[in-house]
Amino acid sequence: MTAQTKKRGAAENGDGGTGLGLAAFIANNEDLGPIVRHAFESGKPEALLHSLRNIVKMKEVEIEEICRLHYEEFILAVDELRGVLVDADELKGTLADENLRLQEVASALLLKLDELLELYSVNRSVGEALATLKICLRVTSLCKICNRDIAEAKLHSALKTLELIEKDYLQNIPLKLLKKVIQKQIPIVKLYIEKKVCGEFNEWLVYIRRIGKEIGQTAIGQASLARQKDEGMCARQREAEECSSVGFDEHAYTLDVENMDEEAMLEFDLAPVYRAHHIHIGLGLREKFREYYFNNRLMQLNLDLQISTSQPFLESHQPFLAQIAGFFIIEDRVLRTADGLLSESQVETMWETAISKVTSILEQQFSLMDTANHLINVKGYISLLGTTMKKYGYQATLLVEILGKNRDKYLELLISDCRKKIKDVLSKDSYERMVIKKKNEYDMNVAALQLEPIDVVPDLPYVAPFSCSVPSTCRIVRSFIEDLVRYLSYGSSMNFYDVVKSYLDKFLIEILNDGFLNLIHGGSLEFQQMVQIAGNIAVLERSCDMFLRHAAQLCGVPRHLLEKPHSGLTAKAVLKATQNAAYNGLITLVNSKVDEFMLQLTSINWTVEEAPEHANDYMNEVIIYLHEVVSSGQQIVPMDALYKLVSGALSHIADSIITVLLSDRVKRFNANAVAGIDIDLKMLEGFADNTYHSTGLSDLRKETSFKDCLAETRQLVNLLLSNQPESFMNPVTRETNYGSLDPKKVAIICDKFKDAPDSLFGSLSSRATVQSARKKSLDVLKRRLKDFS
């Protein structure tokens with residue numbers, strides 16, 4: 001194609017630029033989509049089509065040009081291809097000839113190969129048959145061994161053989177019929193083994209229940225022998241300790257080998273249990289057998305826990321308790337030796353079931369018993385049962401508790417009798433100091449009861465610091481100790497001192513101490529009687545050590561053990577607290593009596609026109625009564641208690657005066673009334689100061705003297721009579737002179753305080769005159785107290 005032709009084509013297109021651009025895109029293998037989209041969007045698709053046709057024509061011209069240039073080369077290539085075709089036909093004929101010759105040679109070899117393959121097949125079949133026969137022979141041999149073991153009752157060995165067949169051979173048996181038969185027989189044989197061993201175990205259950213009582217009786221008998229040895233050893237030890245105060249006896253501690261017989265080992269057969277357990281483990285039924293064992297033994301235990309109704313409990317209690325002991329001795333052995341057949345929780349569950357049932361039965365039987373001797377017999381065997389069970393690791397706390405309840409029942413009549421005696425003694429006492437005129441009376445009521453620290457008989461007649469109820473109470477307590485020791489020492493261990501001490505504490509606290517508390521809180525005692533009761537309690541509180549020594553002597557406890565810390569009676573502290581309650585009762589009585597006198601305070605004239613010259617009548621009565629209190633209390637009441645008694649009364653009087661001034665019963669009062677209170681207060685302060693020093697209470701060196709108990713009332717009176725009451729608002733002055741006063745109380749009282757006589761002329765004259773400086777100062781104090789509040 002010439003240049004002129006190209007130019008002409010472009011001119012024909014009418015859009016030479018577009019055609020060249022489109023040709024460039026096609027030459028570069030670029031996407032024509034945007035150009036086509038643009039042509040249709042601009043509404044000129046014809047121009048695009050025209051350009052495409054021109055490009056096609058241009059390409060056809062180029063193809064013609066290329067064919068014209070390479071025509072000779074095409075001709076040469078076709079000639080070469082014709083030569084190759086001829087060579088290929090010759091090669092094909094050669095290959096066909098060779099194939100025919102190869103087939104003729106291989107025909108004979110194929111026949112030989114078929115014969116060889118058939119021989120290999122026969123050989124494989126023979127090998128498989130031999131392997132099958134070998135496996136079948138081994139399996140049948142094991143089955144024969146299993147049958148023989150079962151016949152000889154070698155169940156564990158038979159089970160192992162079954163496991164071997166099942167694990168190593170069953171899946172490999174090639175004969176389906178034999179495999180099916182063995183698969184069917186294995187569960188049957190296992191079931192037979194299980195039934196066989198369960199039958200033996202059931203026979204053992206019958207056997208072991210039958211000998212359980214004998215096992216328990218033997219074990220309890222051993223515990224009884226051991227207890228007797230311990231009692232003898234303790235008795236010899238106490239005897240040696242008593243002798244050591246004189247000198248060491250080389251024969252005091254000797255080893256008695258004559259009676260040292262070893263405890264007979266409790267023998268019973270557990271082989272069926274071990275065997276059944278191991279076989280069930282082999283059968284994969286371990287949990288089933290554990291449950292079966294537990295349920296059967298629990299059933300036997302429930303049967304053992306049923307008491308006989310055909311004979312009295314006193315006759316049947318020993319076989320009954322021995323059966324329980326034997327049962328748990330067996331279970332303890334099984335727990336320790338049967339390789340997990342029983343768990344500790346299961347044994348504990350059975351023990352809790354048994355102990356709960358036993359305690360319930362014992363409680364019921366004890367409630368029906370009315371003879372102390374019966375209680376002692378049963379108690380002794382229960383105690384031996386508890387000792388035996390502790391030896392095998394069982395908790396016997398509930399048995400100990402039931403014994404405690406048994407003691408309570410046995411001692412019920414004794415305690416009831418002693419309570420009646422104590423109540424009778426306390427109610428008949430006049431609570432006046434006991435006067436002893438004869439020596440034999442002193443020996444019987446003082447020396448024999450160790451109520452005085454010295455053995456020398458004082459001059460007669462002797463005025464004791466206690467009333468007649470104290471010797472009677474001491475004799476009742478000593479009698480109680482002797483009866484208690486007599487009961488506990490019969491058929492019991494020698495170590496019962498702690499029990500005696502506990503019951504003695506209980507007696508002193510719940511009977512004697514409560515008797516005193518009932519008297520103290522009864523509200524029917526006079527002051528002198530309350531003082532004597534406090535003195536009696538003090539004497540009995542000191543006698544607690546004597547009671548304890550008496551109990552220790554009867555129990556065979558060395559005296560030096562009583563000197564250890566915390567070895568005393570709790571009742572001593574309780575009686576001390578009751579003594580303090582008596583002192584508090586004295587304070588209450590005194591304050592109550594003082595309140596009767598202080599009631600007169602509300603009836604005085606609080607707006608009197610003239611200042612009184614003497615103390616009010618109520619204060620004279622208060623002072624007289626306080627003198628009586630100090631005189632009576634000084635003889636018996638300790639100094640500390642007397643101090644609390646008097647200081648409490650004085651503080652109560654001071655509080656009563658403040659309370660009256662704060663109450664609505666006093667609407668208004670004046671300076672003359674305050675002057676009267678000042679006279680009363682000075683009189684009371686004189687009593688307080690004189691009593692504090694004359695009685696020796698000042699030697700106690702308390703931080704607060706009797707006069708200090710009146711400080712609040714004294715500071716209030718001084719403030720109301722002061723010429724400058726507003727100085728109360730000065731912090732330094734208030735701290736120095738009015739430190740005990742409460743500003744709120746002062747504000748209320750000052751509002752009621754009117755520093756002028758309550759008369760018509762007095763009030764008129766006061767309106768006409770200029771307010772005094774004192775009144776101004778008081779008004780300032782009132783205003784500042786309101787602001788302060």
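Visitor: Where is Y431 found in this structure?

Guide: In this predicted model, Y431 is found in the loop between α13 (397-428) and β1 (435-436). Its phi is positive, at about 55°, although Y431 is not a glycine.

Visitor: What makes Y431 count as buried or exposed?

Guide: The relative accessible area of Y431 is 6%. Buried means under 20%, and Y431 is therefore called buried.

Visitor: Why are α9 and α11 called roughly parallel?

Guide: Helix α9 (residues 286-304) and helix α11 (residues 344-368) pack at an angle of about 15°. Angles under 35 degrees count as roughly parallel, and the description therefore applies to α9 and α11. Their axes lie 11 Å apart, and the crossing of α9 past α11 is right-handed.

Visitor: Which residues make the contact of α9 with α11?

Guide: On α9 they are R290, F294, R297, L298, L301 and N302; on α11 they are Q346, M350, T353 and A354. By class, the residues of this contact comprise 5 nonpolar, 3 polar and 2 charged.

Visitor: Why is K572 called partly exposed?

Guide: K572, which lies in helix α18 (residues 570-598), has a relative accessible area of 26%. Buried requires under 20% and exposed requires over 50%; the value for K572 falls in between, and K572 is therefore partly exposed.

Visitor: Which residues are in contact with K572, leaving aside its neighbours within four places in sequence?

Guide: They are E541, C544 and D545. As for S543, K572 is 29 residues from S543 in sequence, and the C-alpha to C-alpha distance between them is 8.7 Å.

Visitor: How do you know that the side chains of K572 and D545 are joined by a polar contact?

Guide: The distance in this contact is 2.8 Å. A polar contact calls for a pair of N or O atoms within 3.5 Å, one able to donate a hydrogen and the other to accept it. The pair formed by the side chains of K572 and D545 is therefore counted as a polar contact.

Note on methods
Residues numbered from 1 in each chain as written. Predicted model: local features only at pLDDT ≥ 70, side-chain atom pairs only at ≥ 80, totals over all residues. Heavy atoms only, no water. Axes fitted to C-alpha atoms, helices over the stretch in contact; angles between N-to-C directions. Helix = DSSP H or I, 4+ residues; strand = E, 2+ residues; numbered from the N terminus. Parallel < 35°, antiparallel > 145°, perpendicular 65-115°, else oblique. Left-handed = near helix turned anticlockwise from the far one by under 90°. Contact = heavy atoms within 4.5 Å. Nonpolar A, V, L, I, M, F, W, Y, C, P; charged D, E, K, R; others polar. Buried < 20%, exposed > 50% of the residue type's maximum accessible area, 1.4 Å probe, protein only.
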